[in-house]
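Q: I'd like to learn how to read a fold from its coordinates. Could you walk me through it, one feature at a time?

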Amino acid sequence: MISIIFGPPGSGKGTQATRIEQEFKLRHLSTGDILRHEVALGTPTGKEAGRIMAAGDLVPDELIVDIVRGRLPEAEAEAAGVLLDGFPRTERQARALDTMLADEGHQADLVLALEVPEEALVERLLHRAEVEGRADDTREAIEERMREYHHLTEAVLRHYRQQGVTVEMIDGTGSPEQVFERIRRAIGISSR
Ligand code: B4P
């Protein structure tokens, strides 16, 4: 099973993905986490990505697609399913994923799309800036990330709807527990 957790920056993709991974025994693959790890190690990929991420921009599609192509087979072999978090984030990435999966006779099964009003997103990210000091949680970078989301990432949802993939819209407001309860119900319904 290939599932995708989708949503704007700060909508709680990472927060919920950790819970989904545990409850449904899926392998969680987060492109944001992978990139931050590369930045921390100071690898050539990390050096290229770090600057772009800090400005709130999306790293180049080719770089991300290569990362996912390199890790997806292992993730698929390790568990009954994979949960993609933060990928695909552009229509080109979505098409590249379709091709990767089609080569193995697979396709995306489910998209869980978190919906949170923009004021709440900005508030969450500014709060995280105080707690974690992430380089891309400055007010300027947050504005740029929201612009990129509307400009490039929203199209991913249209792409999957056109493909006939099940897209479950999830209210991402309330506590992480309340959001997870809605996700649990949505996964239950879509797997019937
Ligand atoms: P990501 O790591 O995917 O970051 P995100 O969108 O900010 O995070 P997420 O939605 O997972 O929020 P979280 O659960 O942490 O990407 C970071 C950057 O990497 C991108 O901007 C881009 O530059 C690059 N990148 C990654 N993938 C890419 C791709 N495919 N292509 C190109 N570039 C790519 O939650 C946010 C905060 O809210 C946390 O502090 C959390 O504690 C809090 N929170 C969560 N749920 C809450 C709730 N219900 N109530 C209150 N607070 C909550």
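A: Contact means heavy atoms within 4.5 Å. Axes are lines fitted to C-alpha atoms, for helices over the stretch in contact, and angles run from 0 to 180 degrees between N-to-C directions. With that in hand, α7 lies across β1, β4 and β5, running at about 145° to β1. Two ground rules: this is a predicted model, where local features need pLDDT of at least 70 and side-chain atom pairs count only at pLDDT 80 or more, while totals for chains, interfaces and linings use all residues. Residues are numbered from 1 along each chain as its sequence is written, and side-chain values use heavy atoms, with hydrogens and water left out.

Q: How do I read the sheet, and what is the order of its strands?

A: Strands of a sheet pair through backbone hydrogen bonds, either parallel or antiparallel. Here, two strands pair if DSSP finds at least two bridges between them. In this model five strands make an open sheet with parallel pairing, in the order β2-β3-β1-β4-β5. Its edge strands, β2 (27-30) and β5 (166-171), each pair on one side only. On average, neighbouring strands are turned by 20° against each other, direction ignored.

Q: How many bridges join β1 to β4?

A: Four bridges join β1 to β4 (residues 110-115), and the two run parallel. For a spot to look at, find serine 3, which stands opposite leucine 110 in β4. Helix α2 (residues 31-41) also packs on the sheet, touching β2 and β3 (82-85), and its direction makes about 60° with that of β2.

Q: What about aromatic pairs: which rings are involved?

A: A pair of aromatic rings is described by the distance of the centres and the angle of the planes. The rule: rings of Phe, Tyr and Trp (its six-membered ring) pair if their centres lie within 6.5 Å; planes under 30 degrees apart count as stacked, over 60 as edge-to-face and the rest as tilted. That gives one aromatic pair. Phenylalanine 6 and tyrosine 149 have ring centres 6.1 Å apart and planes at 45°, so the pair is tilted. Phenylalanine 6 sits in strand β1 (residues 2-6) and tyrosine 149 in helix α7 (residues 139-163), so the pair ties together parts that are 143 residues apart in sequence.

Q: Are phenylalanine 6 and tyrosine 149 buried or exposed?

A: Buried means under 20% relative accessible area, exposed over 50%, partly exposed in between (1.4 Å probe, protein chains only). Phenylalanine 6 and tyrosine 149 are both buried.

Q: Next, salt bridges: how many are there in the whole structure?

A: Side chains of opposite charge can pair when their charged atoms come close. The cut-off puts a side-chain nitrogen of Lys or Arg within 4 Å of a carboxyl oxygen of Asp or Glu. A search of the whole structure turns up 16 salt bridges. One of them links arginine 36 to aspartate 33, with the closest N and O atoms 2.9 Å apart. Both lie in helix α2, three residues apart, about one turn of the helix. Arginine 36 is partly exposed at 29% relative accessible area, and aspartate 33 is partly exposed at 40%.

Q: Which salt bridge involves aspartate 137?

A: Aspartate 137 pairs with arginine 145, the closest N and O atoms being 2.9 Å apart. Aspartate 137 is buried, with a relative accessible area of 2%, and arginine 145 counts as buried at 11%. Salt bridges that share partners join Arg128, Arg134, Asp136, Asp137 and Arg145 into one network.

Q: Last one: which residues touch the most other members of the largest nonpolar core?

A: Such a core is a set of buried Ala, Val, Leu, Ile, Met, Phe, Trp, Tyr and Cys residues joined through side-chain atoms within 4.5 Å. The largest has 34 residues, and Leu72, Leu84 and Tyr160 touch the most other members. The largest share of this core, seven residues, comes from α4. Leaving aside neighbours within four places in sequence, tyrosine 160 has contacts including Ile4, Pro88, Leu97 and Val167. A second, separate core of 14 residues includes Leu110, Leu114, Val179 and Ile183.
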